[in-house]
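Please look at the model first.

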Amino acid sequence: MIHPMTTSTIPSTAASASASATLDLGVGGMTCASCVSRVEKALKKVPGVQEATVNLATESARVVYAASAQMDAQIRRAVRNAGYEPLAMEEAMPEDLSPWAGFAPVAIGLLLSAPLVVPMLGDLLGKHWMLPAWQQFLLATPVQFILGARFYKAGWHALKALTGNMDLLVAIGTSAGWGLSMWLWLSAEPDTMPHLYFEASAVVVTLVLLGKWLEARAKRQTTAAIRALHALRPEIAHVLQAGGEEADLPVAEVLLGDRLVVRPGERIPMDGLLQEGQTQVDESMLTGEPLPVTKQPGDKLTGGSINGDGRVVLQVSAVGSESVLAQIIRLVEDAQAAKAPIQRLVDQVSAVFVPVVLVIALATLLGWLFVGAGVEAALIHAVAVLVIACPCALGLATPAAIMAGTGVAAKNGILIKDAQALELAHKVDTVAFDKTGTLTVGRPRLVAFMAATGADEAEQLAVAASLQSGSEHPLARAVVAAAQERGMTVAQPDGLRAVPGRGSEGEVGVRSYLIGSLRWMDELGVDLGALAPQAQRLQGDGATLALLVERTTQGLSPRALMAFADEPKAGAKEALAALRARGIRIVMISGDNQGAALAMGARLGLSADEVMAEVLPGDKAAKVAALKAGGHTVVMVGDGVNDAPALAAADVGMAMGTGTDVAMHAAGITLMRGDVALVAGALDISHRTVMKIRQNLFWAFAYNVAGIPLAALGFLSPVVAGAAMALSSVSVISNALLLKRWRLRRD
């Protein structure tokens, strides 16, 4: 899949712009962290490639490159030349197969290896069941060279590239054991039975195959979230045609503006606006909210959600990659394809790991020969070093945890866009909230309208509604709604001009007006006159105030004072208390006057020093930067366009999914419903995911640090080393999958 990225323009002297594109492709044949490093290096050497990230858990690569007609083919060729198979992402993504899919080679290996292992168990019971050498040869050879052919193929490609990987270690180690057995058999005296090591080579190959099968089975669980999201897309849509008849068309053929019929119990095929009918919609797979949501004509419907018991007609408002579901899938895929900063340590280690292991194995061989142990014992100890050192667990430790963590977070309505946000969120000690729409409902009501002495209240309300009719600001919508409730016709103003963070001005009829905050009016030198006492009283009650002013030949004259009130979101106070109980500092940033902001803060359980009032939209980012400058790790939670700079300035930005697309793109984490409790949930899943990453890396490193010396000193046989190596990979993924049990807590 190729995705267009932002276009960066070359300086003005150039006639064209250079565009960047992103290519996602599967990479077949990767087995360990060394493979990841090798593929990344190969991709970064391609001229025009700006960035390349390879993920072992998803067996995929994401490449950002300067757009060119030949780049797609060149990138795929680079993957193939590195010894791996370039695949379409659909082929690379693990399917929801039977739990036993791909087990046949493992079963054959177990059947052929069992007769070689049973005599070893018989020795413990004093029985001598050892098979003749020729039977051991017949059983072990197919395992070594047919079932183990994948190791030779991948190892050969690694050698040609002058690098190493897990397959090379397995191929060298098991071949050494098989070759030693052949030499001992063929050089033995007639009628003697030498001790052979065919069983070690066959069992190691079988155990590695078993480990890879268990690994693949576990990987399918880590990608379950992506598959579940893809499954939300229906195949067919019922399109309402001009004559009123329904025609079933593939969803891919639905056009913007088409009218679709959704029957009771069906999935809504596309994003749209409800035109006819009413129903309740289950949006739990998108938002994590278990309760159905009532939908009336004019409400938005999201593709992938489930219609309730009403037949409805919707008009399509977004198709393809513009739909909410497509954006959610994209966000989850981005997070799972991304590489956490902690992974850089693993990449640095894996780049030198295999060559170091080969040196250690050679040193083990020479060391045992030096102390007079004999070729046979020296070679077996060296083989054990090669087998136990396979760096599979290192390559899986971080991506497996990230995939499991982001997957379970998505099911609970928390979309983590990048791994860096995931890794940083657990360090957060300060959370800054935008007020309107984030901590409050965001639909303030006009609770008081006071006309100045001599002015007609109804006339001034009509003027105010006219000036606000073109604005999407919550206060502006409240004024228009109040006028409409009184049955007023809202006229269109002339020459309307918005003043960011302050208000707007324009002409209604032949008169010129301004409407905006008291702070703006104070800057303009407006005298409230008789309205001043009412303004002071309303501010003390926590109301947000605005003033309507007429521009006359005598200057700016107040015409009406407006007071607005908002309500805290349900559960917001409890959610803030839960964050404070975790030792996190809370800050509320508001553009309201000091009195209104403090009054709302008190209703939310905030103290005066936790409220920042009268902050202009453009200054929110500066407030966040100031918090960071104090040595704090800061999360900014917001929902509006004017929050985007602050979201980007924070260490971690969290956007309410009920807000704007701009805010969602600027944030590293998107909360799919306007529930403040999701903030604590996002921090919790971040903490748990990072904890799993650290646990996995500790055990992966500890396993090799302990296992290699034990094998070199002769305490581990190749068979035990092979079992331990397989177990390490499976344990890392199994530990990561424990994250799937995480549920959002509501304290």
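## A strand pair at the sheet edge

Arginine 497 stands opposite glutamate 505 in S19. The model is predicted. Strands S18 and S19 (residues 503-508) are paired in the antiparallel sense, over four bridges.

## The whole sheet

The pair belongs to an open sheet of six strands. Their order is S17-S22-S21-S20-S19-S18, with antiparallel pairing. Strand S17 (445-451) and strand S18 (494-499) stand at the edges. Each has a single partner strand, so one side of each lacks a neighbour in the sheet. On average, neighbouring strands are turned by 20° against each other, direction ignored.

Helix H20 (residues 532-540) packs on this sheet. H20 touches S17, strand S21 (544-552) and strand S22 (555-565). The direction of H20 makes about 25° with that of S22.

## Helix H21 and its buried side

Which residues of helix H21 (residues 572-581) are buried? They are Ala572, Ala575, Leu576, Ala578 and Leu579. These residues lie on the same side of H21, because they cover an arc of only 155° around the axis. An α-helix has 3.6 residues a turn, so residues three or four places apart point the same way.

## After the helix

Glycine 583 follows H21. The phi of glycine 583 is positive, near 85°.

How values were computed: Residues numbered from 1 in each chain as written. Predicted model: local features only at pLDDT ≥ 70, side-chain atom pairs only at ≥ 80, totals over all residues. Heavy atoms only, no water. Pairing = 2+ DSSP bridges. Helix = DSSP H or I, 4+ residues; strand = E, 2+ residues; numbered from the N terminus. Axes fitted to C-alpha atoms, helices over the stretch in contact; angles between N-to-C directions. Contact = heavy atoms within 4.5 Å. Buried < 20%, exposed > 50% of the residue type's maximum accessible area, 1.4 Å probe, protein only. Arc of directions from axis to C-beta.
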